[in-house]
Structures are given as C-alpha cells and as structure tokens.
Amino acid sequence: MICKKSRKEYNYMKYKPFTRNNYNKIEQLKCLDETILSEIDVVARVLPFKTNNYVVDELIDWDNYANDPMYTITFPQKKLIARKHFDLISSLLNSSTDDSVINKAVEGIRLGLNPHPAGQLECNIPELDGNRVDGIQHKYRETMLVFPAQGQTCHAYCTFCFRWPQFTGMSDHKMALKQAELSAEYLRRHPDITDVLFSGGDPMIMNAARLEGYIDAFLNSGASNLRTIRIGTKTLSFWPYRYLTDKDSEKILELFRKVTDAGIHLSIMANINHYREMSTCAFREAVKRIRQTGAVIRSQSPVLNHVNASPAVWEKMWVDQANLGIIPYYMFVPRNTGSQRFFSIPLVRAYDIYRKAFSHVSGLARTVRGPSMSTLHGKIKIDGIPEINRKKYIAMSFIQGRSSDWVKKPFFAEYNENACWIDELKPAFGDKAFFFEEKDSGFLGMNDVNDEADILSCAIRQSDSPDYLLDYMDYSA
Ligand code: SF4
C-alpha cells in the first residue's frame, strides 16, 4: 500500500469541531444545494451531529459526497429519520415555533427510537454492597465495561451510533463513572473478571492525565485477575492526530507503554467502517506508533447499508488491516435503535457479505467473527443458512451469553430473508421460544436466570413503546 500524501501533510493539525451551531462554516458545504443544508438542520435536531476538520478535509470525497461513505456516516441526512418526523420538525422550524415546543417534539421522537437497545441502561448495572455502581456494566462474566464520565463524547459522531442518546442531552440516559476507585473495588471483588473495557463515547477524547487516572485505578488495585485492558475508540479514523500532534500525544503513547510494561495486554478496539478511513498517512502513522507501544489493535464495525454493504468493501478492509498489523475482530449487525432503519440490511444478506469476503482473504484476516447481534441475551452470531430436507433455516450460536453455558450451542430459526434482528426471527421446528428466552432474566448473574419477576420487569423496562411516540406525535402535530 502506497501512502499518497507526503509526511508533511500530517505534521500538525489542530482539532476543530463542527456541530449544528457552526456547520455553515464548512467551506465544502458552501457549494451544496440549500436543501441539503436545511436537511442537516432538521435531522441534527433529532440525532447528534459533530464532525471535524480532519474528516471534512481528508476523508470525505466532496465530488461524490451523496454516495460517499464518510459523508454518510458523519453528516445528518433526511433518510436517517422517518418521513413524518422529518416533516414535523421541518414545519416547526419553518413556522418559527417556540424552541420549547420544538424540543418537546424532538424528545418525543427520540424516545420512540429505542434509545437503549438490549436493555443496556437498566439491565447490566451491577451493585456493590447493595448500591448501584453507575458507569459500569457487567454483562458477561469475564468483561467489565467502564464509561468514564469525561469520555462520553467523540471527535465526531457516527450517524449510525447506537449510543446516540448520550450525545443528545438526554441526561437521564447518560452513563458516567464518577469514582474510578469504585470500579476498581468491583474488579477486586469479582475474580472472574479478566478484561476491563473502556467505552464511551470515546475514552480517547480524555486528556492523557485523566485517562491515566482511570487506568492507574485498575493497575494499582491489586486485582491479580486483571489481564487485559481494552479501549473502544474511533480516534484512528476520526482523529488520528490524537497519537501524532495533539499536545499530549506522547503522554498517551507513554501511558500505553506503561500498561504493556506492567504485563497487561492492551487492546485498542478500533471502530473502522470503511477502508477509506485507513487511506491517510495520519491513520497509518498513528497505527505504527500505537503498535510500537506493545498495544494490539483490533477492528470492529457494523455492516451498514449505504456504507459498506458489499463483500468487496469488507474484503479490502480486512486485507488492508492485516497488512497494517490490525486484527479483524468483529462484524456487527446495526442495533435496533436510532437510525437503524436506514443502515440495516437483512441478516441473511449480512451473512452472505461476511461469507463472501471471508472466503477471499488469507488466514491472517480470518480472525473476524460475525455477523453478530449484541442482544439483551448476549452476542448472537449467524453461522449459516443450512438446508434440511430441502427447507432453509438460519443457524446461529452465542459468541457471548449471559450464561456461559449458552456459548457455541447451535440453535435454529425459520428462514426469513427480511429479518434484520433476532426479534424478527421465529424459532425453527415448531418451538415456541428460543432456548435462551425461556431462561434469561435479562439481569446480571449469568447463571441465575430463573426469576420470572425479573424477566418481566426487564422486558417492561426495555419496551420504550413506539406507541407512546405515535400518540405524542399526533398530539403535537
Ligand atoms: S465513535 Fe462510537 S460512540 Fe462515538 S459516535 Fe461513533 S459509534 Fe458512537
């Protein structure tokens, strides 16, 4: 792979965000049609919008912006929300309606977009001495997710983001960790946990000193069970200068080295949706510097309609990643939240893309797993479309489950070429429910999954009812 830009071009770049409040300062937008700008204005009221000078200047192909994957994943577009919602907000804006009315309408729309899929807000919060430890999730036995309070934003927002409510000011739904020591204590008391996964937002938005504070809490906790620290981030794609020319770039790299020197495996879980993100010199230099610290970079992405829904894109992405020393790790299915209707594709198509791309890459890139749905019950992977007695089925298994006993246990659904999520599939062979639905309480306590009251209460909390939205919309229109 030849890097087309000279070393000088990434020598220094100062981060400059663009949001709904200042996007009209983006030079490239000035050449676009007025209607595109007003679409941005309307949709950015509902879904979060932030991009930056690197994405705008180095990633987006403005000559072909309408079909450009980088534009699609960063700029609000009309089709991201339902037509009726678009029309409602548009008419409220055009009629100079009071902001408080617009905000109420926006809130109603957001609540109907399933802001917390897979019960992520309510169903995975652990307790310590009878008190909820907010800012942590413990869904799988070995892994604890940590959401540092200062890491709940990103250098740019993805239009497909399943954590979009965190960026919209829906503060009731925001997860935050206030006391690093609490989570370290939780780790100490749960010897089964080996992996701490920093998540967000993007934890790499934090300055080096803050991130070090969180990491030190774990390194110094005396928890001998800690083996791996993972950091979920999109900085490599949206702001690789985090590792190049930010004023604390060197400190960040030193921190990574400190972790690996302590004998802890450091895995950077890079969100990479298209090979274009890997095409700049800044990306490649950042990868090189991170790898020099002893950290390993793994990649993950949802399969997204209008962005990467083709075997050729995934094949090139995995091949380029293997060449750069990045380990392909996950292909996800977009979650049933936010703008899913625009980005989702049927599960059987996702599987076809995965299989075709997988079969064309070398063994080193065949480390990737998918297509996988992150559900309330665990990570469910499509394994294939078997034909039994001349009838097609969808074969699946758990990569991770609330009960470790579920993992790698094959199960089957009736073939459905339109289903985009597990709840649109029916169990095969006349079964009334999938085996895990009969057992899952939806709560932590992976092996204690028999309490019917818990099943019911979790299910109720999950159903942010779209009917409520419809009632609301009728009323507010
Ligand atoms: S970087 Fe991750 S958390 Fe941030 S907007 Fe994109 S998908 Fe969401």
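Tutor: Start with handedness: a crossing is left-handed if the near helix is turned anticlockwise from the far one by less than a right angle, and right-handed if clockwise. Helices (H or I, at least four residues) and strands (E, at least two) are DSSP runs, numbered from the N terminus. This is a predicted model: local features need pLDDT of at least 70, side-chain atom pairs count only at pLDDT 80 or more, and totals for chains, interfaces and linings use all residues. Residues are numbered from 1 along each chain as its sequence is written.

Now the pair. Helix H7 covers residues 208–219 and helix H9 covers residues 249–261. Their axes (lines fitted to C-alpha atoms, for helices over the stretch in contact, with angles from 0 to 180 degrees between N-to-C directions) come within 9 Å and cross at roughly 15°. That angle makes H7 roughly parallel to H9; the term covers angles under 35 degrees. H7 passes H9 in a right-handed crossing.

Which residues of H7 and H9 make the contact? H7 brings Ala208, Leu211, Glu212 and Ile215, while H9 brings Lys251, Ile252, Leu255 and Val259. Two residues are in contact if their C-beta atoms, placed from the backbone, lie within 7 Å. By class, the residues of this contact are six nonpolar, no polar and two charged. Ala, Val, Leu, Ile, Met, Phe, Trp, Tyr, Cys and Pro count as nonpolar, Asp, Glu, Lys and Arg as charged, and the others, Gly among them, as polar.

Glycine 201 sits in the loop between strand E7 (195–198) and H7. A cis peptide bond joins glycine 200 to glycine 201, with omega about 10°. Both glycines also belong to the ligand's surroundings, including Cys154, Asp202 and Lys234. Here, near means a C-beta atom, placed from the backbone, within 6 Å. The shell around the ligand has four nonpolar, three polar and three charged residues.

Threonine 245 lies in the loop between helix H8 (235–238) and H9. Is threonine 245 exposed, partly exposed or buried? Threonine 245 counts as partly exposed because 15 C-beta neighbours lie inside 10 Å. The cut-offs are 20 or more other C-beta atoms within 10 Å for buried, 12 or fewer for exposed, and in between for partly exposed, with C-beta atoms placed from the backbone. Beyond its neighbours within four places in sequence, threonine 245 contacts Asn11, Tyr12 and Met13. The C-alpha atoms of threonine 245 and lysine 14 are separated by 8.2 Å, though the two are 231 residues apart along the chain.

Notes. Angles under 35 degrees count as roughly parallel, over 145 as roughly antiparallel, 65 to 115 as roughly perpendicular and the rest as oblique.
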